[in-house]
Every structure is written in C-alpha cells, then in structure tokens.
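Reader: I am new to this structure and would like to find my way around it. Could you show it to me and then take my questions?

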Amino acid sequence: MKIGIDSFGCEHGRSGIGSYLRSLIASLPDNPSMTYELFGPEMDRYTYTSGIGRILYEGLPVPDSLAAERFWHTFNLKNFALKQKYDVMLFPAGARLLPQSFKVPGVAVINDIVSSLFAETSDKWFSLLIKRGLSKATRVIACSQFIKHDLISLGIPADLIDVVYNGIDHTLFYPRSDFLGEVVNIKPFAIKRPYIIYASRMSSPSKKHAELIRAFSLFKKKTGLPHRLVLAGNDGAASDVVHCEAAASPYGSDIFLTGYFPHQSLPELYACADACIFPSVSEGVGLPVLEAMAAGIPVACAKAGALPEIAGDNALYFDPDNSEAAAATIETIVSDTELRERLIQQGLTWAERYSWEKTAEKTLAILAQATI
C-alpha cells in the first residue's frame, strides 16, 4: 500500500499541526508492505523527514500562499495522486486545506474546532471549501470526541468519523530532576525560575493570553511570590493585544514572551516549570496539557472545549474570564504542596495512556479501511 501524506497547510512545522505531522511520521512502522510518501513544498523536504530514511518526499513548485495551495488542491491534486500511484492519501491539515473531490481515497485529519475556525473568519469561501472537502472525504479522523461532535453539528455524518487521539513522545516528555539551578538555559533563552508556563500560539482572543496576564498580575499583587509567567508561542492575529497587555502590567518584567519555541525544546521548558496554566477556551485537542502532565508538572486549565475530555480529573479547572478566580487558581497550584503532588502523580499515570505509536497504528488501520 502506497500512502501519500499531504504536508501543505502544516505551516512548515511551526504549528501544532506541524508538530502533529512530525510526530506521526516518526512513529510510522517500518513495514515492507507499506510505502510512505510526503508531498508538499520543496522547502519542507527535510522538515518532517530528517533522520527518517524510510519516508519518501515529493517536493512541488507551488507558491507559498494559501490561495496557490487551494488552487493546486482543487485543480491539480487528483491527477498528481494518480500519477504517484497512491492507494490512499492522508491530509493532516484537513481543517484548513482539502481537495473538493477525490480520485484516490482520502482521509482528513481534524485537530481544530472547525465551527470556531468558521466563526473567526470572514472568508466564507474557505468555509465552503472545507465543508465540501470533508463531506467528500472517504474517512475523517477527529482528534477528540469534542471535535467529532462539532463536525456532526456541521452536517458531517457520524459514521464517517473516527476518533484517534494525538500521542505523546515519552522519550522527550518525562519528569527531570537534573535541572535544579535558578536559571534554565535553553538556547537562545535563559529563563529564571520559578515560573509558570503557557505554550500556545497567539492566534485568537479565545486563547485567552491577555486574560491570563491580568490574572497573573493579580496573583503577583496578592502573594508577592517570585514566579514569572512564560508565554511560549508564535505571534498571531491576537499578538498585538497580548504584547500591549504585558507591557501595561505592573509586573511586566516578570512576563516573558518567547515567540516561536522549538517543539523539541519544550520538554525541558515544561519540566522546569512550577505549573502549566492553560486558559484557552477553543482547544479541540489540548495536547500541551498532556505533555505538561507527562513532564511531571501540575496543570490548571479552562473548563472548555476538549480540555475536560483530555485532562479528565487530573487538572484544576478555572474560568479564564474571571481574573480573581484564575489568580486564586494560580496561587493554589503553586502553593498547595499536597495538591501539587496529587496532580503530578495523577497526571503522570493519565499521560501514559497516550503514545504516538498508538496514534500511528490506529491511523494506518483507518487508511487501510479507506481503500476497501
């Protein structure tokens, strides 16, 4: 079976979808009956396959713009798939880029709350393209039950959708006791401890970065504790508001915005934190919450989106729009020793359920089913 894997729409590895694709590719089994071939921008030839010899890559001369990629998927992909003799195709960025019809079976992967993407854009053509593409796909992989229910609400048939959770790379995300100094040196950063962390791109107001900064400022004012707030993630549509909020805070010197932070460096950043505070209300997957648990730190998150499904009873929940309550949650999770230990142990046990090997195995089974 020859599997074509679309790397268009994955933002050259610098996004959650890009991390998903990189992790999935690394976990695909070396099976002589299967051939894996990525196709996408020539500039991404080594983005996802570096050090993995069994993965082929077909670089394509498509301009690096959404409009050009949409055009290619609409008018060129079908013939390309036939030429490459794919038996089935996987579309990791299925919530952002899909063909409108398929000559070769296609499986779309959805890591986003699609209805939220539609609500946040004025591009109605985008909404129409994605909805039509999903309805024509052979199968749809939803990365949480929450996403599955969202897709059903948009009219995608339930029997077309399989739920396959993202995994965790436990060789990267695990508790580390060897970082005991006051400063964490992760090139090019030197971050002074103690700190709390929120790793998420500033892509939307629903990520609640500004609200977290306000809650952190209240926490600092009330407690006087030395903790810093580390916001790790790319700038995006909401970044101007976040930067302004940080600059206006009387505790701005204790707020550190890293910009893009390489995924391979996140485990150390997590493991050295006192806690992960995750206020986003628009998470379809919430993988950073699981990665923080696997790294051995306690988690507090919004009771919204897929987060209660993903975190279970192993996190503290708070309302990010209630600054006083959020500040109290931060104080509790960094100060209550007994609670911290309980959350850490529960989180470690919970995170063991997730692995990229399981994700890859279930994904391959769905791809095989799509060819029948």
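Reader: Which helix holds Thr363?
Author: Happy to start there. This is a predicted model, in which local features need pLDDT of at least 70 and side-chain atom pairs count only at pLDDT 80 or more, while totals for chains, interfaces and linings use all residues. Residues are numbered from 1 along each chain as its sequence is written, and side-chain values use heavy atoms, with hydrogens and water left out. Helices (H or I, at least four residues) and strands (E, at least two) are DSSP runs numbered from the N terminus, and the one with Thr363, spanning residues 356-370, is helix H14.

Reader: Is Thr363 buried or exposed?
Author: Buried means under 20% relative accessible area, exposed means over 50%, and partly exposed is in between (1.4 Å probe, protein chains only). Thr363 has a relative accessible area of 2%, so this residue is buried.

Reader: What does Thr363 touch, leaving out residues up to four places away in sequence?
Author: Contact here means heavy atoms within 4.5 Å. With those sequence neighbours left out, the residues touched by Thr363 are Tyr20, Leu24, Leu90, Ile141 and Val164.

Reader: Which residue has its backbone oxygen 2.7 Å from a polar atom of the Thr363 side chain?
Author: A polar contact is a pair of N or O atoms within 3.5 Å; within protein, one must be able to donate a hydrogen and the other to accept it, and residues adjacent in sequence count only if both atoms are side-chain atoms. At 2.7 Å from the side chain of Thr363, the backbone oxygen belongs to Thr359.

Reader: At what angle do H1 and H14 pack?
Author: Axes are lines fitted to C-alpha atoms, for helices over the stretch in contact, and angles run from 0 to 180 degrees between N-to-C directions. The axes of H1 and H14 are 8 Å apart, and the packing angle is about 80°. Angles under 35 degrees count as roughly parallel, over 145 as roughly antiparallel, 65 to 115 as roughly perpendicular and the rest as oblique, so H1 is roughly perpendicular to H14.

Reader: Which residues make the contact between H1 and H14?
Author: H14 brings Trp356, Glu357, Thr359, Ala360 and Thr363. From H1 come Tyr20, Ser23, Leu24 and Ser27.

Reader: How do H10 and H13 cross?
Author: The axes of H10 (residues 287-294) and H13 (residues 337-351) come within 7 Å and cross at roughly 115°, so H10 is roughly perpendicular to H13. A crossing is left-handed if the near helix is turned anticlockwise from the far one by less than a right angle, and right-handed if clockwise. For H10 passing H13, the crossing is left-handed.

Reader: Which residues of H10 and H13 meet?
Author: On the H13 side they are Gly347, Leu348, Trp350 and Ala351. On the H10 side they are Leu290, Met293 and Ala294.

Reader: Is Leu290 buried or exposed?
Author: Leu290 is found in helix H10. Leaving aside neighbours within four places in sequence, Leu290 is in contact with Ile168, Ile310, Trp350, Ala351 and Tyr354. With a relative accessibility of 3%, Leu290 counts as buried.

Reader: What does Gly347 contact, leaving aside neighbours within four places in sequence?
Author: Gly347 lies in helix H13 and is buried, with a relative accessible area of 1%. Beyond those sequence neighbours, Gly347 is in contact with Met293 and Asn314.

Reader: Are H7 and H12 parallel or oblique to each other?
Author: The axes of H7 (residues 209-223) and H12 (residues 323-335) come within 8 Å and cross at roughly 60°. Their crossing is right-handed. By their angle, H7 and H12 are therefore oblique.

Reader: Where is Lys208, and what is its phi?
Author: Lys208 is found in the loop between E10 and H7, and at 11% relative accessibility this residue counts as buried. Phi of Lys208 is positive, in a residue other than glycine, and is near 65°.

Reader: What is phi of His12?
Author: The loop between strand E1 (2-6) and helix H1 (16-27) holds His12. His12 is partly exposed, with a relative accessible area of 24%. Its phi is a positive value in a residue other than glycine, near 55°.

Reader: Which peptide bond is cis, with omega near 0°?
Author: Look in the loop between strand E9 (189-192) and strand E10 (195-199), where Pro194 is placed. The cis bond runs from Arg193 to Pro194.
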